[in-house]
Amino acid sequence: MRKIIDLRSDTVTKPTPAMRRAMAEAEVGDDVFGEDPTVNKLQEYAAQLFGREAALFVPSGTMGNQIAIKVHTQPGDEVIVEEASHIFNSEMAMMSAFAGVLPRPIPSERGFLRWEQIERAIRPNVYYYAQTRLICLENTHNLKGGGVYPLEWAREIVENAHQRGLAVHLDGARIFNAALATGRSVKEITEGFDSVMFCLSKGLGAPAGSMLVGSREFIEKARRVRKMLGGGMRQVGVLAAAGLYALEHHVARLAEDHKNAQLLAEALQEIPEVHLEPVETNIVIFELSTIPAEKLIDELKQRDILALAIGPRRIRLVTHLDVSREDVLYAAQAIREILKQ
Ligand SMILES: *Cc1c(COP(=O)(O)O)cnc(C)c1O
């Protein structure tokens with residue numbers, strides 16, 4: 001039997017044998033007491049990679065983002081988000097339910113806001129207006145195709161926001177993909193952000209876990225909020241070991257995922273029924289002109305290929321650790337054949 005080619009998301013990666021060994025051999029302790037040596041090592045390493053004072057291991061990216069929002073705001077504040085962002089669309093209404101804040105979504109073409117758009121959305125200091133407190137950006141942008149935030153745009157936002165007394169959080173679930181695509185370090189492309197969340201559980205291949213990085217003061221508050229949410233874990237070094245292994249061994253190989261995504265894009269580009277969006281990292285998004293997305297997905301499933309519908313005619317394919325060059329070529333060929341029928 002052929003293996004299943006799972007292109008739905010880079011979250012589907014399974015720990016490699018070497019990663020499992022690192023997990024099995026991890027030194028552990030009670031992390032609620034701050035005594036898990038592997039968690040501590042991971043947090044120190046993450047802080048150092050991002051040039052920050054401290055870092056915190058969290059169970060999921062969603063929890064990391066929501067902790068950051070809670071720490072940066074007070075109930076009744078407004079938070080500026082991009083309309084297609086993960087924070088606004090895929091984290092329930094947690095910023096309202098938990099932090100008690102109001103999201104102010106702003107639409108954009110590729111998921112990236114400019115300072116001018118943000119500036120127009122900041123609430124004037126009038127006593128009956130909710131006050132803008134925080135801006136959340138996303139890099140790479142998931143639902144708009146894995147594009148990389150233009151560095152100058154992000155820097156301009158961070159600088160101006162700080163001048164206006166606003167905090168800026170970065171949802172950097174796939175920040176290592178962004179760094180690789182631009183040939184810069186994560187430290188360089190996240191400089192100035194008040195907090196950054198990134199995922200170990202996506203293309204980096206760990207089974208679970210995300211990180212928050214920021215100032216020591218921010219991380220101390222974040223640890224308390226993590227506990228409120230029930231995210232204080234005990235001998236969690238077994239998971240942190242996977243994260244450490246991922247940071248040490250799986251960052252450079254993201255280049256393969258980007259190459260495979262390009263290969264897939266080139267093959268799809270030649271199919272007339274496919275309208276491909278620009279591909280910058282490991283996410284490939286296209287629209288179908290002739291059949292519904294679900295129809296193509298059903299047909300692909302019969303050929304052991306899994307894809308995700310993100311709209312009535314929109315499909316997302318993601319390359320990752322468990323997808324090879326042969327797999328993407330096979331998938332592109334299958335799409336071509338199905339659409340020809
Ligand atoms: C995956 C993802 C997250 C976090 O997701 P979890 O499933 O909660 O780990 C946050 N932001 C973006 C852009 C993502 O793609």
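What you're looking at is a predicted model, where local features need pLDDT of at least 70 and side-chain atom pairs count only at pLDDT 80 or more, while totals for chains, interfaces and linings use all residues. Residues are numbered from 1 along each chain as its sequence is written, and side-chain values use heavy atoms, with hydrogens and water left out.

Let's start with the ligand. It has 13 residues around it, and the closest are Gly61, Thr62, Asp171, Arg174 and Lys202 (a residue counts as near if one of its heavy atoms lies within 4 Å).

On its own, the ligand has 380 Å² of accessible area, and the protein covers 84% of that (Shrake-Rupley method, 1.4 Å probe). The shell is made of two nonpolar, six polar and five charged residues; Asp, Glu, Lys and Arg count as charged, Ala, Val, Leu, Ile, Met, Phe, Trp, Tyr, Cys and Pro as nonpolar, and the others, Gly among them, as polar. Helix H3, residues 61-72, gives the most to this shell, with three residues. Helices (H or I, at least four residues) and strands (E, at least two) are DSSP runs, numbered from the N terminus.

Next, a sheet. Four strands form an open, antiparallel sheet in the order S9-S10-S13-S12, where pairing takes at least two DSSP bridges between two strands. S9 and S10 (residues 283-288) run antiparallel and are joined by three bridges, with histidine 275 opposite glutamate 287 in S10.

Most residues other than glycine have a negative phi, and most peptide bonds are trans. Methionine 92, though, has a positive phi near 55°. That residue lies in the loop between helices H4 (86-89) and H5 (94-99), and is exposed, with a relative accessible area of 76%. Aspartate 304 also has a positive phi, near 65°, and counts as partly exposed at 21% (buried is under 20%, exposed over 50%, partly exposed in between; 1.4 Å probe, protein chains only). The bond from asparagine 139 to threonine 140 is cis, with omega near -5°.
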